Amino acid sequence: MKHRVARPHPWLRTLILPAVLALPLLGCGYALVGRASSIPAGIERIYVDPLVNATRRSEVEQVLTRAIAEELVTRKRFVLVNAAEGADAVLSGEVLLFEATPLSFDDQGRATEYQITIQARMSFRDRQADEVLWANDRYVYTEAYPVDPSEETYFDREILAIEEAAGRFARTMVIDLLEGF
């Protein structure tokens, strides 16, 4: 007497094989950038403490504070409050370094491209638990920007570059804060 071995239907193999191969990926921890968060669910109201300026460049702390507040508002998860007393958490920091370094020059020796470097110490503290949820003592952001030395606004370009860089600084810093890196 011969035993007959049952074989699965071919369509069943085409469904099961991809599912089995995908199983290891289910627990890999991948998430869309900007979607994951290491911030506890109870943190809803945030106070952004004005940054302290430890640099020689005036206004840089004001521009960065405003950019960080605007970036948090765009996330629509948090409500910004006007005082630390009404907040669940406080974001504070200090601008440690601001440099605008020339990178390239034209044939007359005038800079045609600068690099902005911003270094900050940042902290995000839960007020109720009195614990630091996220901190980065050496958050560094660099960005190059072109300058046309023939423009009338040649010397005013640094202020515009700071404002543009501040938005990108804030975006990357808030992503790091939310994702816990």
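Which residues are linked in a network of salt bridges? Glu71, Arg75 and Arg171 are. A salt bridge here is a side-chain nitrogen of Lys or Arg within 4 Å of a carboxyl oxygen of Asp or Glu. By this rule there are seven salt bridges.

This is a predicted model, in which local features need pLDDT of at least 70, side-chain atom pairs count only at pLDDT 80 or more, and totals for chains, interfaces and linings use all residues. Residues are numbered from 1 along each chain as its sequence is written, and side-chain values use heavy atoms, with hydrogens and water left out.

**View 1. Confidence along the chain.**
pLDDT is the predictor's confidence in each residue, from 0 to 100. The mean pLDDT of the protein is 80. Of its residues, 75% reach 70 or more. Among the elements, α1 has the lowest mean pLDDT, 47. Strand β2 (residues 52-53) has the highest, 98. Over residues 15-36 the pLDDT is below 50. Beyond near neighbours in sequence, this stretch has 10 contacts in the model. Contact means heavy atoms within 4.5 Å. Helices (H or I, at least four residues) and strands (E, at least two) are DSSP runs, numbered from the N terminus.

Helix α2 covers residues 60-74, 15 residues in total. From first C-alpha to last, α2 reaches 21 Å, close to the 21 Å expected at 1.5 Å a residue. The expected span is 1.5 Å times one less than the number of residues. Buried residues in α2 include Val60, Val63, Leu64, Ile68 and Leu72. Buried means under 20% relative accessible area, exposed over 50%, and partly exposed in between (1.4 Å probe, protein chains only). Glutamate 71 is buried too, with a relative accessible area of 10%. The side chain of glutamate 71 meets that of arginine 75 in a salt bridge, 2.8 Å from N to O. Arginine 75 is partly exposed, at 24%. Lysine 76 follows α2 and has a positive phi, near 60 degrees.

Aspartate 88 sits in the loop between β3 (79-80) and β4 (89-105). Is this residue buried or exposed? Aspartate 88 is buried, because its relative accessible area is 8%. Side chains of opposite charge can pair when their charged atoms come close. Aspartate 88 forms a salt bridge with arginine 45, the closest N and O atoms being 3.0 Å apart. Arginine 45 is partly exposed, with a relative accessible area of 35%. A polar atom of the aspartate 88 side chain also lies 2.9 Å from the backbone nitrogen of glutamate 44. Not counting residues up to four places away in sequence, aspartate 88 touches several residues, among them Gly42, Ile43, Arg125 and Gln128.

**View 2. Isoleucine 43 in its loop.**
Isoleucine 43 is found in the loop between α1 (10-22) and β1 (45-48). Isoleucine 43 is buried, since its relative accessible area is 3%. Isoleucine 43 and alanine 89 are 46 residues apart in sequence. Their C-alpha atoms are 6.5 Å apart in space. Not counting residues up to four places away in sequence, isoleucine 43 touches residues including Phe78, Asp88, Phe124 and Leu133.

**View 3. Aromatic pairs.**
Rings of Phe, Tyr and Trp (its six-membered ring) pair if their centres lie within 6.5 Å; planes under 30 degrees apart count as stacked, over 60 as edge-to-face and the rest as tilted. The structure holds three aromatic pairs. Tyrosine 114 and tyrosine 145 are stacked, 5.9 Å centre to centre with 20 degrees between the planes. This pair links distant parts of the chain: tyrosine 114 lies in strand β5 (residues 111-126) and tyrosine 145 in strand β6 (residues 131-146), 31 residues apart. Tyrosine 114 is buried, with a relative accessible area of 18%. Tyrosine 145 counts as buried at 5%. Tyrosine 141 and phenylalanine 169 pair edge-to-face, 6.1 Å centre to centre and 90 degrees between the planes. Tyrosine 141 lies in strand β6 and phenylalanine 169 in helix α3 (residues 157-179), so this pair ties together parts that are 28 residues apart in sequence. Both tyrosine 141 and phenylalanine 169 are buried. Ring pairs link Tyr139, Tyr141 and Phe169 into a cluster.

Definitions and conventions: A polar contact is a pair of N or O atoms within 3.5 Å; within protein, one must be able to donate a hydrogen and the other to accept it, and residues adjacent in sequence count only if both atoms are side-chain atoms.
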